[in-house]
Amino acid sequence: MIILYLLLAASVVGLIGSATCVRVVKQFERGVVFRFGRVRPAIRQPGLALLVPIADRLQKVNMQIITMPVPAQDGITRDNVTVRVDAVVYFNVIDPVRAAVDVEDYVSAIGQVAQTSLRSIIGKSELDDLLSNRERLNQGMELMIDSPALDWGVHIERVEIKDVALPETMKRSMSRQAEAERERRARIITADGELQASEKLGQAAEVMTEHPAALQLRLLQTVVEVAAEKNSTLVLPFPVELLRFLERSTPPEPAKATDTTRATTTDIPHLREIERSQRNGQATLDSLTASSAVPAEQATATVPETAGSAQPQWGGLPTGCADPAWQP
């Protein structure tokens, strides 16, 4: 009976010893063996790892890429702007022995170096670089973190600046700046368009000067465009150039017709004066005779001054008779 108990105890001890001597290393891990506290140069690959009981101790090191966010850091840029910047770091272990021996906690160490490097990048850069030239800043920060990390058996894959938080006053100032820049570009584009349009209009004016009929065709085209809108009122522009064109196209009139017209126009005031005198009862033979040969002023002067004045009546004589002995 005692022998049975001894065999059972020995089997239990053997099972426990075998459990401690056989370890499993996963595919993304590497095993570092410490024998009596001294690290073994041979790294245990994925699979079963046999250890010497009591003498060996296995430490597993993760070889995967680790994503570690860097807490947001407040800083002042080179152009004296207060910003708040956060980033993210991607790294992995390339030397398990160094990562297990040279540094106590390589993840925490990388995090502290990333924070200090981010503060240094903020102080050395300007605001425009943080907003628009992040690739160069990412590369600079990656080099700053990778220098001490190589001594720990860690490789920095990449560093990315995630966000840049600005004060509200700075955001409003940048908005006004962007609006002013857009307004400047719009004015330049408009002025450039006006310049090109004026050049084309000048070329069109030269063509119309050489070919006057083109101006009339353009006028008709404008009328068609206006009439297509179905407006009740049609405003027709009449350029002076068209009048000049029509004047040049009209043949001159004969010289005789011109002289006759001038003579008729000159006699019109004399005829009007004769008619006015007849209405007032002041027309005399001298005035009728003088109207055809002398101007209107001289014809009017030949009329007696008493012709139109009121004469007294003697014995029923008609008004205007100077002889009282005259009988009808």
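**Reading the model**

Mentor: Start with burial: Asn-92 has a relative accessibility of 12%, so Asn-92 counts as buried. Keep in mind that this is a predicted model.

Trainee: Where is Asn-92 placed, and which residues is Asn-92 in contact with, leaving aside its neighbours within four places in sequence?

Mentor: Asn-92 belongs to strand β7, which covers residues 82-93. Setting aside neighbours within four places in sequence, Asn-92 is in contact with Met-63, Gln-64 and Ile-65, and also with Gly-153, Val-154, His-155 and Glu-157.

Trainee: How many of the residues in the protein are buried?

Mentor: Of the 328 residues, 22% are buried. The accessible surface of the protein is about 23,400 Å², and carbon and sulfur atoms account for 57% of that surface.

Trainee: How many helices and strands are there in the protein?

Mentor: The protein has eleven helices and eight strands.

Trainee: Next, how do I read a pair of packed helices? At what angle do α3 and α5 pack?

Mentor: Look at the angle and the axis distance together. Helix α3 (residues 106-124) packs with helix α5 (residues 134-150) at about 140 degrees, and their axes are 9 Å apart. Angles over 145 degrees would count as roughly antiparallel; α3 and α5 are therefore oblique to each other. Their crossing is right-handed.

Trainee: Which residues make the contact?

Mentor: From α3 come Ile-110, Val-113, Ala-114, Ser-117, Leu-118, Ser-120 and Ile-121; from α5 come Leu-137, Gly-140, Met-141, Met-144, Ile-145, Pro-148 and Ala-149. In this contact of α3 with α5, eleven residues are nonpolar, three are polar and none is charged.

Trainee: What should I look for in the backbone angles?

Mentor: Most residues other than glycine have a negative phi. Phe-36 has a positive phi, near 55 degrees. Phe-36 sits in the loop between β2 (29-35) and β3 (38-44), and Phe-36 counts as exposed because its relative accessibility is 68%. Asn-80, also not a glycine, has a positive phi of about 60 degrees. Asn-80 is in the loop between β6 (66-76) and β7, and with 65% relative accessibility it counts as exposed.

Trainee: How far apart are Pro-167 and Val-83 in sequence and in space?

Mentor: They are separated by 84 residues in sequence, while their C-alpha atoms are 7.3 Å apart. Pro-167 lies in the loop between β8 (154-165) and α6 (168-210) and is partly exposed, at 32% relative accessible area. Over the protein, 61% of contacts with a separation of 6 or more are between residues 24 or more positions apart.

Methods: Residues are numbered from 1 along each chain as its sequence is written. This is a predicted model: local features need pLDDT of at least 70, side-chain atom pairs count only at pLDDT 80 or more; totals for chains, interfaces and linings use all residues. Side-chain values use heavy atoms; hydrogens and water are left out. Axes are lines fitted to C-alpha atoms, for helices over the stretch in contact, and angles run from 0 to 180 degrees between N-to-C directions. Helices (H or I, at least four residues) and strands (E, at least two) are DSSP runs, numbered from the N terminus. Angles under 35 degrees count as roughly parallel, over 145 as roughly antiparallel, 65 to 115 as roughly perpendicular and the rest as oblique. A crossing is left-handed if the near helix is turned anticlockwise from the far one by less than a right angle, and right-handed if clockwise. Contact means heavy atoms within 4.5 Å. Ala, Val, Leu, Ile, Met, Phe, Trp, Tyr, Cys and Pro count as nonpolar, Asp, Glu, Lys and Arg as charged, and the others, Gly among them, as polar. Buried means under 20% relative accessible area, exposed over 50%, partly exposed in between (1.4 Å probe, protein chains only). Accessible areas come from the Shrake-Rupley method with a 1.4 Å probe; for residues, only the protein chains shown count as cover.
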